[in-house]
Amino acid sequence: MSDELDRIRREMHAVLQQLGVRPDDSLQITRRTFIHRSLLFGAASVGQTFAWWPLLNTIDVAHAAEAPFKFAWISDTHLYEKSLNTRFVDKVVRAVQEVQAMDPPADFLIFGGDLAQLGKIEELELGVDLLKDLTIKKYYIPGEHDWYLDMGKKWGELFGQPNWTFDHKGVRFIGLDTVSRGPDYWTVKKMTPEERMGHMATLDGTVAGAWAGVGRDQLDWMQKILADWDKSKPIVIFSHNPLYEYYPPWNFWVRDWREVNEVLKPYTKVTNIHGHVHQVLYNEIGSMRSIGMLATSWPWPYAPEGVPKLTKPMIRADPGDHFDGVGWETVNVNAEDKVDVEYIMWGRKEVFVQSDPDSSLSQPEKLRPRMADNMWPY
Amino acid sequence: MTIRATVLGTLCRPSFVVAIAAVAVFVGPTSAHKEPHTPEQLKLYEDVLMEEVRKGDLLFHGDAATAKQMNVVLSTTGMACAMCHPMASDTHPQSYPKFQVETSKFATLRDMINWCIEKPNQGEKIEIDSEAMKALEAYITWSNSGSVLVPGKH
């Protein structure tokens with residue numbers, strides 16, 4: 001597996017990381033994990049139900065031509081039915097309360113996919129119910145967990161078109177669907193919808209394959225909606241999966257990143273904000289910068305290989321302490337190009353690793369893919 | 001594919017048990033180390049391991065049928081081990097035994113497996129030398145094959 005990943009990575013660097021090509025530094029993006037102080041101090045009694053990770057992310061966008069503004073992001077809530085798991089519900093409730101309490105309010109919310117865990121109607125409807133207390137405008141993109149039980153039927157009924165675009169204060173925003181174009185692994189094996197969903201819902205599964213992709217049709221659509229956009233004006237693209245190759249075995253990529261790059265290459269201020277990875281992540285690919293967002297549900301460890309060199313890793317999880325290091329912190333990931341990536345993570349004084357022992361990456365791993373899901377009758 | 005083919009051969013349980021019994025009879029403990037190993041023996045040893053890995057893989061990924069069959073409740077939240085540890089990542093079997101921060105005790109991998117079952121997964125901890133524990137340990141260590149042994153590393 002490593003050799004193949006190395007080959008792809010070398011190709012990606014050769015294609016995308018040409019000498020002198022970087023994202024334009026006149027677009028400033030500040031990212032922080034927003035926790036409302038008043039809620040924080042009142043949270044002790046319900047603290048046991050919350051895990052160790054930040055609940056949501058807010059993003060300040062400053063562009064010279066327009067007034068700065070802020071929007072919020074929540075994703076990867078992975079809701080089960082309430083009767084099975086209340087922890088995840090509690091965290092969504094809290095995230096919603098905190099976004100709602102923002103002052104001044106966020107201009108809008110992006111929900112970055114994986115609202116549900118197993119794509120069930122009850123799970124998706126629970127998500128809608130929990131998010132309805134949030135009165136600002138909400139935009140949704142799908143995650144694979146939302147989609148593969150009924151192939152997006154219920155999601156579509158609830159949220160409409162999975163890809164969309166709008167302009168806001170000088171920025172063109174695009175929501176992409178990177179989940180619905182997975183190759184058909186179920187028909188030949190005569191899988192039930194639940195079996196299909198089960199394979200899709202297993203991050204390290206080997207059956208669903210390289211399901212993450214943008215697709216030619218959607219790339220054409222994106223090219224069309226960008227045709228009238230000034231090449232030097234900012235574009236923010238939301239996707240569930242990162243729009244580059246980080247770790248294909250977990251679909252921490254889109255398989256057609258080359259074509260995505262072809263479409264976006266002429267534009268100098270492109271930022272991709274994505275979910276799926278449940279971790280702090282930062283990368284620059286060609287003229288696009290890419291920021292990975294945190295989940296409300298649980299953190300994922302960094303992949304055993306392929307973590308972008310520009311990522312300053314987040315501190316390793318202490319799964320035993322729900323209130324570990326509560327506080328705010330500002331960290332400049334890359335002050336040089338004026339991208340002030342700032343995480344203020346619930347339950348943490350320091351979001352980024354300070355020394356080797358704070359990092360899960362301090363223990364090099366060699367991992368094998370699982371084997372039992374490829375065996376009969378799985 | 002090699003792994004798959006090998007383990008598929010063990011799926012027929014009665015013949016697998018008979019094979020083990022046969023080896024036990026013909027190359028039992030008294031002569032186990034007195035004759036050169038045969039390819040058949042080596043294959044059997046591998047098959048025994050991979051059957052445990054297979055069961056551990058299924059338990060680790062929340063397979064309800066396997067959990068029921070082995071009479072364990074590893075989670076009551078819908079969460080499975082693999083949801084925080086895809087490909088058994090971040091389990092670091094190579095770092096045990098070590099001082100475990102979560103319990104403030106010197107711990108083995110099995111102790112930590114039980115901690116995860118009880119705390120994050122809100123399941124029922126399993127006997128330290130049970131079949132399910134052996135299978136989980138087999139899967140986790142197999143999945144981390146090649147990682148460098150660093151006992152005690154935090």
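**Salt bridges and the A–B interface**

In chain A, the side chains of A:Glu157 and A:Lys153 come together in a salt bridge, at 3.1 Å from N to O; the term covers a side-chain nitrogen of Lys or Arg within 4 Å of a carboxyl oxygen of Asp or Glu. The model is a predicted one, so local features need pLDDT of at least 70 and side-chain atom pairs count only at pLDDT 80 or more, while totals for chains, interfaces and linings use all residues. Residues are numbered from 1 along each chain as its sequence is written, chains are lettered from A and ligands numbered from 1 in the order in which they are written, and side-chain values use heavy atoms, with hydrogens and water left out.

Helices here are DSSP runs of H or I with at least four residues, strands are runs of E with at least two, and both are numbered from the N terminus. A:Lys153 counts as exposed, at 55% relative accessibility, where buried means under 20% relative accessible area, exposed over 50%, and partly exposed in between (1.4 Å probe, protein chains only).

Chain B has helical pairs too. B:Lys134 and B:Glu131 meet through their side chains in a salt bridge of 3.7 Å, N to O. These two residues are three apart in helix α7 (residues 131-143) of chain B, which puts about one helical turn between them. B:Lys134 is partly exposed at 37% relative accessible area, and B:Glu131 is partly exposed at 43%. As for networks, salt bridges that share partners link A:Glu125, A:Lys153, A:Lys154 and A:Glu157 into one.

In helix α3 (residues 39-60) of chain B, B:Lys55 and B:Glu52 lie three residues apart, again about one turn of the helix. Their salt bridge has its closest N and O atoms 3.4 Å apart. Buried or exposed, then, for B:Lys55? B:Lys55 is buried, with a relative accessible area of 17%, and B:Glu52 also counts as buried, at 17%. Over all chains, the structure holds 20 salt bridges.

Now for the interface. Chain A puts 36 residues into the contact and chain B puts in 45, with contact meaning heavy atoms within 4.5 Å. Together the two chains bury about 3500 Å², 58% of it on carbon and sulfur atoms; buried area is the accessible area (1.4 Å probe) that two parts lose on being put together, summed over both. On the chain A side, A:Gln363, A:Arg368 and A:Met371 supply 21% of the area buried against chain B, more than any other three residues.

How many salt bridges are there between chain A and chain B? The count is one: A:Arg370 pairs with B:Asp57, with the closest N and O atoms 2.6 Å apart. The side of chain A that touches chain B divides into 20 nonpolar, eight polar and eight charged residues.

Zooming out to chain A as a whole, the secondary structure comes to nine helices and eleven strands. Of the 378 residues in chain A, 59% are buried. Among contacts in chain A with a separation of 6 or more, 76% are between residues 24 or more positions apart.

Note on methods: Ala, Val, Leu, Ile, Met, Phe, Trp, Tyr, Cys and Pro count as nonpolar, Asp, Glu, Lys and Arg as charged, and the others, Gly among them, as polar.
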